[in-house]
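These are my notes from going through one model, entry by entry. I list what I looked up and what came out.

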Amino acid sequence: MQQDNPDITFITPTAPVATATHGGRAKCLQRLVRLDLPVPSTVALSFDEVHRIAAGETPSMDELLAPLHQGTLICVRPSSEDPDWGGPGAVLNIGMNDAKFAELSEKLGHDAASAIYARFIQSYSTHVARLDPDMFDDLDLSAKDTCKQLLEAYELEAEEPFPQDVGDQLAGVLRSMARAWEGTTARLLRQAKGAPADAGLGLVVQEMVLGLGHAECGSGVLQLVNSTTGLPKITGRYLSQSQGRDALQTGASALFLEKDTRGPSLEDAAPEAFEALKQQAALMRVKLREEMQIEFTIENGQVYILDGVRVQRSSRAAVRIAVQLAQDGIIPAQEALMRIEPRALNELLHRQVDPEAERDVIGNGIAASPGAATGRIVFSAAEAQASAARSEACILVRRETTPEDIRGMHAASAVLTERGGITSHAAVIGRGLGLPCVVGASSLRFQLRKKSLLAPDGRVFKEGDIITIDGTDGEILAGEPKMLEAALDDAFQSLMAWADEERDLDIRANADTPADARTARNFNANGIGLCRTEHMFFEADRLTVMREMIFADASEDRRSALDKLLPMQREDFIELFRIMEGQPVCIRLFDPPLHEFLPTERAGMRDLAEALNLPLSTVTRRVEALGEYNPMLGMRGVRLGITVPEIYDMQARAIFEAAIMANRNGANVVPEIMIPLVSAKREVELVKTRVDAVAAAVRTEQGLDFDYRLGVMVETPRAALRAEDIAPHCHFFSFGTNDLTQMTYGLSRDDAGRFMSAYVQQGVYPEDPFHTLDADGVGELVKLGAERGRAAQPDLTLSVCGEHGGSPESIAFCRKVGMDYVSCSPFRVPVARLAAAQLAIRDKIG
């Protein structure tokens, strides 16, 4: 049936209906009509028409109702472009009036008709007339004259009779829903979900099927997969209303969809209808290329399809659904890849709080490392290790973590800190370990002397109490909610294999230990892009030797102490090389200031004095002498390598000797040595001279040759600006965007979390620059450094090894400016692989 107004469209297979003009529900209903499914007659109102209704223009009700059967009850449902944007609730039973009540009383019985009429009066009063719902509180809704009481209450409150004309009712409903969509509150809620400010709303006006009668009647929803796992399973609900003329009065019964020992099922009650629904759902899956949930009504055994919506799904279910659709030939593998949000993979890689579990939230912070874990509160690394020795899960709570806490972090199930941001020590190490972590939890009061946490609601949580850290959402929960385990199943593996076929950017991992390297290997990283060697020195036996070196006054004494560390470092590197099986391993030379290896408390200094057989006063003076006002900009990185060159000499020797030993076993290792915190060409020249000398010595001693590559970590603005001076001495540049962001902004990456959320909320920064690379500022330095470096050294390898390497948005920038690879925490490697694949696919399809 054709209509003069293109904005009021009767839905037929060929009607001009589009998601962009009429919304997703209207378009889906048209697709169901095209499949010749039993869809009740429907009229779609376009975005423009709804906008005019909100402005006070009322369309012709005769024109709108003309395609529908006269006397049939109707409903109005929202149809936005994206169902996630929400919209006003549906209004049912429009057209119910005194005459219709009498008709249905004869057909269905007084009680069923009364229930339908009563519900419509209440719904219209609240949502259309905007009357106070409390106006009905004093009425006896179980009485025989319920509708009469409701109509009288309406007339008294509204000062006019309840509308009896279906056109008047429908006009009121349309106007109410249109204005609700364009209200300020609704607009702000939509924008929070990612909708544009001017997002439109369509409306669909559909004939109702009441699902009441003498044979099997009822309504429900059905889908073919489990929304949590994505595995094939017929799920949904069905409400039977087939008890007879007074069904609504006596109460409908909930039935299981399939045969079930726990109760009656739709399959038993109406096997033909059940089989039809399964076939219709399967047809929708193939033709609509998606797992769909059917909303249906059964009236006297006849099935009617009211709507079809995309199945709600968890991230793990989304992966399995997309992969299965591709494997069944319904969609191509490229489309399956594009359907998955890269960050959603975090839900598969880590344990998560079950979405259906009750959450007793006691505090919030920055979601620094995804996943969730439950354990008893401990307040020190030593206590965490003791707890692990007892096989008890624990949550390490610190004001902020330091390198000394690494052993405790390895022992803990999760980490919670009062201070810090997305690239703070706890966050970076947590992501590397796959350890759930919440930082910057300033909503909690950390009372470390009392060994307790004070929640905003006044509850106190002491050492030994059980809490849960949700590093995905940044929440701290009381108790032990139900968890979902990680799911690296066959669907995940298939998705990752397809991603690797598509991507044109290598993804390496930041890995500091053999365990990290094995995780990287399991996630198919293309090598190690950053090995922070200082983390190898905090084991108890190494820490004492490191402190001996720090207290040595002469070069020979320092070298003697480092000789004890040499075999330990060599074994570390040998294991890394063996695990990576010939893939590139980039080792960053020692970076942190020396004071991080020294105790800060009196008791620790006393223990150190005893261990080194030194007077306490000597230890105290040395600790104070190494203290710096701003250690992140002090004597660290290459500056330490130049002033205390014995450290880099030892590390270079350990790397070369390890490479030779690994190569004897066929590992085919070409180690990459990275100099940190470079800002001047001369720094590279000095370190390169010493590294080359160590290489020559090892070649002579071993009688074997080997190759290695030397590069710099570009993490100071000056290094990026003077890249053409530095590049001729290097094989590669790796941009350390954590520190580069810190130095470019003048922000402390450990302290910025205190105010960063306020800055983002007020639009000072569009995003936390430590979370998403600032393409305009920091990115400009990266781009300049890359261009100038390659201009001086055309075959220069370029990469990003800061935590931005795991951010999908940042990966897009890195690929655009010509990076050869990005490197990120091991557990972010799958996220980066998928993001890189999606970027390549977008380029291919234009």
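**Salt bridges**

I looked up Asp572 and found a salt bridge to Arg542, with the closest N and O atoms 2.4 Å apart. Asp572 lies in helix 22 (residues 555-580) and Arg542 in helix 21 (residues 540-551), so the pair ties together parts that are 30 residues apart in sequence. I count a salt bridge when a side-chain nitrogen of Lys or Arg is within 4 Å of a carboxyl oxygen of Asp or Glu. Helices (H or I, at least four residues) and strands (E, at least two) are DSSP runs, numbered from the N terminus. Asp572 is buried at a relative accessible area of 11%, and Arg542 is buried at 12%. Here buried means under 20% relative accessible area, exposed over 50% and partly exposed in between, with a 1.4 Å probe and protein chains only.

The model is predicted: local features need pLDDT of at least 70, side-chain atom pairs count only at pLDDT 80 or more, and totals for chains, interfaces and linings use all residues. Residues are numbered from 1 along each chain as its sequence is written, and side-chain values use heavy atoms, with hydrogens and water left out.

I then took the total, which comes to 61 salt bridges by this rule. Glu803 and Arg431 form one, the closest N and O atoms being 2.7 Å apart. Glu803 sits in the loop between strand 30 (797-800) and helix 33 (808-816), and Arg431 in helix 18 (residues 425-433), so this pair ties together parts that are 372 residues apart in sequence. Glu803 is buried, with a relative accessible area of 3%; Arg431 is buried too, at 4%.

For Arg503 I found Asp500 as salt-bridge partner, with 2.8 Å between the closest N and O atoms. Arg503 is buried at 13%, whereas Asp500 is partly exposed at 27%.

I also noted a network of salt bridges that links Arg289, Glu290, Arg310, Arg313, Glu335 and Arg339.

**Aromatic pairs**

My search of the whole structure returned 16 aromatic pairs. Phe733 and Phe735 form one that is edge-to-face, at 6.4 Å centre to centre and 90 degrees between the planes. Rings of Phe, Tyr and Trp (its six-membered ring) pair if their centres lie within 6.5 Å; planes under 30 degrees apart count as stacked, over 60 as edge-to-face and the rest as tilted. Phe733 and Phe735 are both buried. Elsewhere I found a cluster in which ring pairs link Phe120, Tyr124, Tyr154 and Phe162.

**Helix 8**

I checked the span of helix 8 (residues 166-181). Its 16 residues reach 23 Å from the first C-alpha to the last, close to the 22 Å expected at 1.5 Å a residue. The expected span is 1.5 Å times one less than the number of residues. At the N-terminal end, Asp165 is the cap: a side-chain oxygen lies 2.9 Å from the backbone nitrogen of Gly167. The buried residues of helix 8 include Gly167, Leu170, Leu174 and Trp181.

The eight-strand sheet is open, runs in the order 12-22-21-14-15-16-17-13 and has mixed pairing. Its edges are strand 12 (361-364) and strand 13 (366-369), each of which pairs on one side only. Two strands pair if DSSP finds at least two bridges between them. The twist averages 30 degrees from one strand to the next; axes are lines fitted to C-alpha atoms, for helices over the stretch in contact, and angles run from 0 to 180 degrees between N-to-C directions. Strand 14 (residues 372-378) and strand 15 (residues 394-398) run parallel and are joined by three bridges. Ile377 stands opposite Ile395 in strand 15.

I next looked at an open sheet of three strands, ordered 18-19-20 with antiparallel pairing. Strand 18 (445-447) and strand 20 (460-462) are the edges. Three bridges join strand 19 (residues 452-454) to strand 20, and Leu453 has Phe461 in strand 20 as bridge partner.

**Positive phi**

Lys451, in the loop between strand 18 and strand 19, has a positive phi of about 55 degrees although it is not a glycine. Lys451 is partly exposed at 32% relative accessibility.

Arg130 is not a glycine either, and has a positive phi of about 60 degrees. I placed Arg130 in the loop between helix 6 (110-127) and helix 7 (146-158). At 52% relative accessibility, Arg130 is exposed.

Methods: A polar contact is a pair of N or O atoms within 3.5 Å; within protein, one must be able to donate a hydrogen and the other to accept it, and residues adjacent in sequence count only if both atoms are side-chain atoms.
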